[in-house]
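Me: Happy to have you along for this one! Could we walk through a few spots in this fold together?

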Amino acid sequence: QVQLVESGGGLVQAGGSLRLSCAASGRAASGYAMGWFRQGPGNEREFVAAISWSGGDIYYADSAKGRFTISRDNAKNTVYLQMNSLKPEDTAVYYCAARYSAVLPLREDEYDYWGQGTQVTVSS
C-alpha cells in the first residue's frame with residue numbers, strides 16, 4: 001500500500017502563491033505516476049495536473065496552464081504543486097493521487113491511492 005499526505009495549503013490573497021507537497025510512504029516502488037485534483041464547494045473533483053515517474057511526461061488542465069507547476073523528487077518520495085497567480089476560483093480542497101502506470105493518468109477513476117486533501121482558500 002501507498003500512503004499519501006498533502007500539506008502546504010492555507011489562506012492567501014488573490015495573486016499570491018502556495019506550494020503544495022504530497023509525501024508518499026509505505027511500499028517503495030518505481031513507476032508511479034502522480035496527479036493533483038481539486039474539489040471546490042458543491043463541485044465535483046476535477047483534474048489539475050499529472051506527472052510521470054521520471055518527470056518527463058506532464059499534463060495540465062487548462063485552468064492550471066501557465067500558473068501551476070507540478071514536479072517531483074523521487075529521492076524524497078514527494079510530489080509538488082507550485083501555484084502562482086492564484087484566483088478565488090482556485091479555492092478548493094486539493095488532493096494528491098498515485099497510480100502505477102506507464103501511461104499518464106488523467107481521470108479520477110484511473111488513480112488507486114489518494115491523500116486526505118489540503119484546503120486552499122484564495123480571497124479577493
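Me: In which strand is the place of Ser 21?
Reply: In this predicted model, Ser 21 is in contact with residues including Val 5, Trp 36 and Tyr 80, with its neighbours within four places in sequence left aside. The place of Ser 21 itself is in a strand that spans residues 18-26, and that is β3.

Me: Is Ser 21 buried or exposed, and what is its relative accessible area?
Reply: Buried means under 20% relative accessible area. Ser 21 falls under that cut-off, so it counts as buried, with a value of 15%.

Me: Nice. Now, which residue has its backbone oxygen 3.0 Å from a polar atom of the side chain of Arg 67?
Reply: Arg 67 sits in the loop between β6 (58-60) and β7, and it counts as buried at 11% relative accessibility. Beyond residues up to four places away in sequence, Arg 67 touches Gln 82, Met 83, Asn 84, Ser 85, Leu 86, Lys 87 and Asp 90. Among these, the backbone oxygen at 3.0 Å belongs to Ser 85.

Me: What is the phi of Ser 85, roughly?
Reply: Most residues other than glycine have a negative phi. Ser 85 lies in the loop between β8 and β9 (92-100) and is partly exposed, with a relative accessible area of 42%. Although Ser 85 is not a glycine, its phi is positive, at about 50 degrees.

Me: And where is the place of Asn 77?
Reply: Asn 77 also has a positive phi, of about 55 degrees, although it is not a glycine. Asn 77 is partly exposed, at a relative accessible area of 44%. Its place is in the loop between β7 (68-73) and β8 (78-83).

Me: Let's turn to β5: why is this strand largely enclosed by the rest of the structure?
Reply: Strand β5 covers residues 46-51. It is largely enclosed because the number of its six residues that are buried is five.

Me: Which residue in β5 is the bridge partner of Arg 38?
Reply: Strand β4 (residues 32-39) and β5 pair in the antiparallel sense over five bridges. Their hairpin has six residues between the strands, and there Gly 42 takes a positive phi near 75 degrees. In β5, the partner of Arg 38 is Glu 46.

Me: Last one: which residue in β6 is the bridge partner of Ala 50?
Reply: β5 and β6 pair in the antiparallel sense over three bridges. In their hairpin, with six residues between the strands, Gly 55 has a positive phi near 85 degrees. The β6 partner of Ala 50 is Tyr 59.

Terms used:
Residues are numbered from 1 along each chain as its sequence is written. This is a predicted model: local features need pLDDT of at least 70, side-chain atom pairs count only at pLDDT 80 or more; totals for chains, interfaces and linings use all residues. Side-chain values use heavy atoms; hydrogens and water are left out. Helices (H or I, at least four residues) and strands (E, at least two) are DSSP runs, numbered from the N terminus. Buried means under 20% relative accessible area, exposed over 50%, partly exposed in between (1.4 Å probe, protein chains only). Contact means heavy atoms within 4.5 Å. A polar contact is a pair of N or O atoms within 3.5 Å; within protein, one must be able to donate a hydrogen and the other to accept it, and residues adjacent in sequence count only if both atoms are side-chain atoms. Two strands pair if DSSP finds at least two bridges between them.
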